[in-house]
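Here are some exercises to work through with the model open beside you. Try each task before reading its solution.

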Amino acid sequence: ITGWMLWTAPRPDMTLHATGAAPSDQVLRLTDYARRQLVVKSTLTAYQPALGLEVWSAQSVLGNDCLLVFEPVTDDLLAVACVPPPAEPLVEIHDVPVAWMERWTDRFPTGTAVRFVRSGDAVEVWIYEAPDGIGRVPG
């Protein structure tokens, strides 16, 4: 008996690659909000934008790998995480009613989560949309 079995792992919704762009004054200023993570600004690496957000990686003074997500239009650092190697940093942002100023949420139902995972030289973006029927919270 001969047969084919195709086994596929889930794939990210997007894969972002490094751009080589220098950090803007806004990114440098917002990185200050990650001071508890001890992010070294000179190590910031830009990735392709996604969902109107800027994604950056960096190193901490402890040698940890960091991942940062900014929303430029609202001038906000949405998430940051640093982990020691060989772990790969990940951050999640959530569309919740209290996040009324964030613009990235406009395209998704309330309750949606977006996970950013640095994987080698790229950042994977996983979008977990909330179930149908939750809709937008009036505000």
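A disulfide is counted here when two cysteine sulfur atoms lie within 2.5 Å. Keep in mind that this is a predicted model.

**Exercise 1. Find which cysteines a disulfide joins, and work out its handedness.**

Solution. 
- Step 1: Search the whole structure, and 1 disulfide turns up.
- Step 2: Check the sulfur atoms. Cys66 is joined to Cys82, with an S to S distance of 2.0 Å, and the cut-off is 2.5 Å.
- Step 3: Look at the torsion about the S-S bond of Cys66 and Cys82. It is about 110 degrees, so the disulfide is right-handed.
- Step 4: Cys66 belongs to strand S4 and Cys82 to strand S5 (residues 76-83), so the bond ties together parts that are 16 residues apart in sequence.

**Exercise 2. Decide whether Asp65 is buried or exposed, and find its side-chain polar partner.**

Solution. 
- Step 1: Locate Asp65 in strand S4 (residues 65-71).
- Step 2: Compare areas. Asp65 has a relative accessible area of 10%, and buried means under 20%. Asp65 is therefore buried.
- Step 3: Follow the side chain of Asp65 to that of Arg118, where a polar contact spans 3.4 Å.
- Step 4: List what else Asp65 touches, leaving out residues up to four places away in sequence: Cys82, Val83 and Pro85 are among them.

**Exercise 3. Identify the residues with the most contacts inside the largest nonpolar core.**

Solution. 
- Step 1: Recall that nonpolar side chains tend to be buried together in soluble globular proteins.
- Step 2: The largest nonpolar core has 19 residues, and Leu53, Val55, Ile93 and Phe116 have the most contacts inside it.
- Step 3: Ask which strand gives the most to this core: S5 does, with 3 residues.
- Step 4: Inspect Phe116, which touches residues including Leu53, Val55, Leu67 and Ile93.

Notes. Residues numbered from 1 in each chain as written. Predicted model: local features only at pLDDT ≥ 70, side-chain atom pairs only at ≥ 80, totals over all residues. Heavy atoms only, no water. Helix = DSSP H or I, 4+ residues; strand = E, 2+ residues; numbered from the N terminus. Buried < 20%, exposed > 50% of the residue type's maximum accessible area, 1.4 Å probe, protein only. Polar contact = N/O pair within 3.5 Å; in protein donor to acceptor, adjacent residues only side chain to side chain. Contact = heavy atoms within 4.5 Å. Core = buried A, V, L, I, M, F, W, Y, C linked by side-chain atoms within 4.5 Å.
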